Amino acid sequence: MKIPFSYIWRSLWARRLTTVLTISGVALVVFVFAGVLMLSQGITKTLVDTGSPDNAIILRKSATSELVSQVDRGTAEILETAPEIASGADGKPLITREVDLIINLNKKSNHLALGNVTVRGTLPKGLELRPAIKITQGRMFTFGSHELIVGKNIADRFEGVAMGADVPFGGDHWTVVGYFDAGGSGFDSEIWTDADQVMQAFNRPVYSSITFKLRDPGQFDALKARLAADPRTQYVEPKREQDFYREQSQNMATFIRILGLVVTIIFSVGAMIGAMITMYAAVSNRQREIGTLRALGFSRRSILASFLLESVLLALAGGLVGTIASIGMGFVKFS
């Protein structure tokens, strides 16, 4: 004789507290693991989306980021004459020299806490190279002035960057004249202004990077080989923009995945122990019930199968609850 499914359901309902606790333990494991994977993927997607498949970026060799890269003006002028660079509607090369700096601003969540904010100095072609960036409020800053525009993430999370606000850094004062939306890319977490004005304020003689649009993406390898062979440009290294931002995400994403895996393993062991204790207690407290089932003619195999099915149902319910809860993490943003 086989034990009906209704018996298993009533058995779980009769022990509602232990059932809920077991499901909660499994759900927590699934939620943490799924949440960590989502965070890791979110970091990678945000940074990779920052780059364009048609764009290339030039940095100093061995530089791991724009913050530690240096490209002098002479090299920048040589790069601007490269035949592989596409031209804009005005016939001029689609290339921009850029400077990356870090300043501190107070966070809205904690008025006393300072956060690092990237200031990107760019040239007029900078926006044309990133068509996804849209001015959502105010206007574009005027080149040659101490004006700036603020990414939506910075506007949402930091103080002192309201429209018309005066932002002091670099020994000077800068006026916020607009907000921009970069479509969820890393640029949403930056402040943009005139590269030459930033260099003067910080007394910097060199740029951080050079970004340009390739006339033909298939020419990238030829460009890389030509620059490596030219003694004037041997110390710089071109990268596809998406590859560069993918590299930027790898270390953080890998760290989060490893940390999440370790935490998940610990939680999994705890959840399994909790489930085992629950099922052992269920068997111990139901000795008379098991005896009655045997007296009614149910086989040992059927009784064992019913207990195993209870365990599987608890695990499936916990996994489903954890998965549904983790979906809500898609609406949560981290700075």
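**Figure 1. Where the charges of the protein chain sit.** For this count, Lys and Arg are positive while Asp and Glu are negative; His and the chain ends are left out. This is a predicted model, by the way. With that in hand, look at the 35 positive and 30 negative charges of the protein chain: their mean positions lie 15 Å apart.

**Figure 2. The overall build of the protein chain.** Along its principal axes, the C-alpha trace spans about 95 × 45 × 30 Å.

Figure 3. Of the 335 residues, 41% count as buried. Now pick out contacts between residues at least 6 apart in sequence: 76% of them join residues at least 24 apart.

Figure 4. You'll find glutamate 98 in strand S2, which covers residues 95-106. Is glutamate 98 buried or exposed? Its relative accessibility is 0%, and buried means under 20%, so glutamate 98 counts as buried.

Figure 5. Set aside the neighbours within four places in sequence, and glutamate 98 still touches several residues, among them Glu66, Arg120 and Arg130. Its contacts also include Gly121, Thr122 and Gly126. Further along the sequence, look for Tyr207, Ser208, Ser209 and Thr211, which are in contact with glutamate 98 too.

Definitions and conventions:
Residues are numbered from 1 along each chain as its sequence is written. This is a predicted model: local features need pLDDT of at least 70, side-chain atom pairs count only at pLDDT 80 or more; totals for chains, interfaces and linings use all residues. Side-chain values use heavy atoms; hydrogens and water are left out. Buried means under 20% relative accessible area, exposed over 50%, partly exposed in between (1.4 Å probe, protein chains only). Contact means heavy atoms within 4.5 Å. The place of a charge is taken as NZ of Lys, CZ of Arg, CG of Asp or CD of Glu. Helices (H or I, at least four residues) and strands (E, at least two) are DSSP runs, numbered from the N terminus.
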